[in-house]
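Hello,

Here is the structure you are taking over. My notes on it follow below.

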Amino acid sequence: MNRLLNIYIYSLIVTYTLILYPFFLLSFIVICLFLPKRLFYRFLRRFISWYGLFIIKVLVFPFIKVKFVDLAPNEKITPCVFIMNHKSASDPYLLACLPYEIVQVVNSWPFKIPILGFVAKQAGYLSVKEMSYREFETAIVKLLSENACIGAFPEGTRSGEGEMGQFHGAVFRAAAKAKVPIVPLCVMGNERIPTKKFVLHRGTIKIRKLKALYPEQYINMTSFQLKNHIRNIIYDELLKMKNEVN
Amino acid sequence: MDKNDVPRIINQVFVESFEIDLKELTPEKKIFEELGLDSLDIVDLVVAIQKKFNVKIRDDERIRAIRTLQDLYDYVILLGTEMSASHQ
């Protein structure tokens with residue numbers, strides 16, 4: 001039964017991507033050739049979000065449900081850095097729940113995915129392993145100054161059903177340099193959506209957007225303290241979410 | 001440098017620079033996986049150790065092999081031995 005589910009969902013996603021995505025993308029590019037560069041990038045990044053949103057809300061429904069809760073809906077946070085724990089390969093798609101222009105920080109392998117990797121690169125997604133820290137920081141600060149938001153998974157690797165890993169600090173240092181809010185996001189329920197071997201299972205994915213940490217709140221923290229502070233916030237919220245389920 | 005002082009002084013660096021609890025600093029602890037220091041934190045750690053021990057280690061390739069606190073203690077002790085030997 002699960003095998004049929006995987007064939008069904010992956011076929012839908014591949015069909016959607018191969019047939020519809022280039023069609024819409026070409027239309028966008030034609031339109032955006034007439035727009036200023038900054039607007040072009042904004043549309044391209046929002047387009048990636050809409051692409052992801054359609055997958056997580058429509059294509060995989062009702063087998064996989066995504067429930068997003070914003071615990072601080074009235075906060076004015078942009079531009080900011082979103083920090084999310086990293087459970088599975090679906091995490092980058094889940095950022096589509098956020099209604100902002102987001103540039104994701106990724107490892108190098110997503111850039112190798114056909115079509116998606118190419119578009120992500122054009123949209124200015126940052127491959128943290130292919131840049132020096134100085135280049136990374138400069139890119140982040142520039143993007144934030146243009147009012148784009150950053151989405152990052154500082155564990156750097158999927159934790160799956162295991163414990164949340166330690167956080168790499170580069171994006172926190174860059175956020176502190178840019179003096180922007182840092183917004184923690186918690187995701188659970190997608191440990192096996194998909195597994196590390198990309199096998200999908202039915203389930204409900206829960207995402208919570210927490211209160212932002214503003215520069216005046218973290219100004220006296222070292223970057224090491226800052227990353228661990230955010231990590232602890234996410235860890236505590238995940239425990240709460242787990243207890244709510246139980 | 002008295003090699004018996006090295007673990008104590010290094011632990012002091014961790015407490016002062018990273019506010020890690022002293023009881024967390026056992027020799028077998030892995031510096032990234034368990035203490036949470038990443039490559040950028042290691043740069044800060046190296047600067048702090050250089051100051052404490054008055055040594056130069058920034059461009060030393062052997063740092064890459066350090067995984068645990070014990071590895072770090074052994075490395076600094078080895079540096080001390082090398083420095084003493086070069087002064088003789």
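Strand 6 (residues 182-188) and strand 7 (residues 203-209) of chain A run antiparallel and are joined by four bridges. Strands here are DSSP runs of E with at least two residues, helices are runs of H or I with at least four, and both are numbered from the N terminus. In strand 7 of chain A, Lys206(A) stands opposite Met188(A).

This is a predicted model, in which local features need pLDDT of at least 70 and side-chain atom pairs count only at pLDDT 80 or more, while totals for chains, interfaces and linings use all residues. Residues are numbered from 1 along each chain as its sequence is written, and chains are lettered from A and ligands numbered from 1 in the order in which they are written.

The open sheet of chain A has seven strands in the order 1-7-6-2-5-3-4, with mixed pairing; two strands pair if DSSP finds at least two bridges between them. Strand 1 (64-70) and strand 4 (126-127) of chain A are the edge strands, each pairing on one side only.

Which residues does Ser108(A) touch, leaving out those up to four places away in sequence? They are Ser127(A), Lys129(A) and Glu130(A), where contact means that C-beta atoms, placed from the backbone, lie within 7 Å. Ser108(A) sits in the loop between strand 3 (102-106) and helix 4 (116-122) of chain A. Ser108(A) is exposed because 11 other C-beta atoms lie within 10 Å (20 or more would be buried, 12 or fewer is exposed, in between is partly exposed).

Regards

Methods: Contact = placed C-beta atoms within 7 Å.
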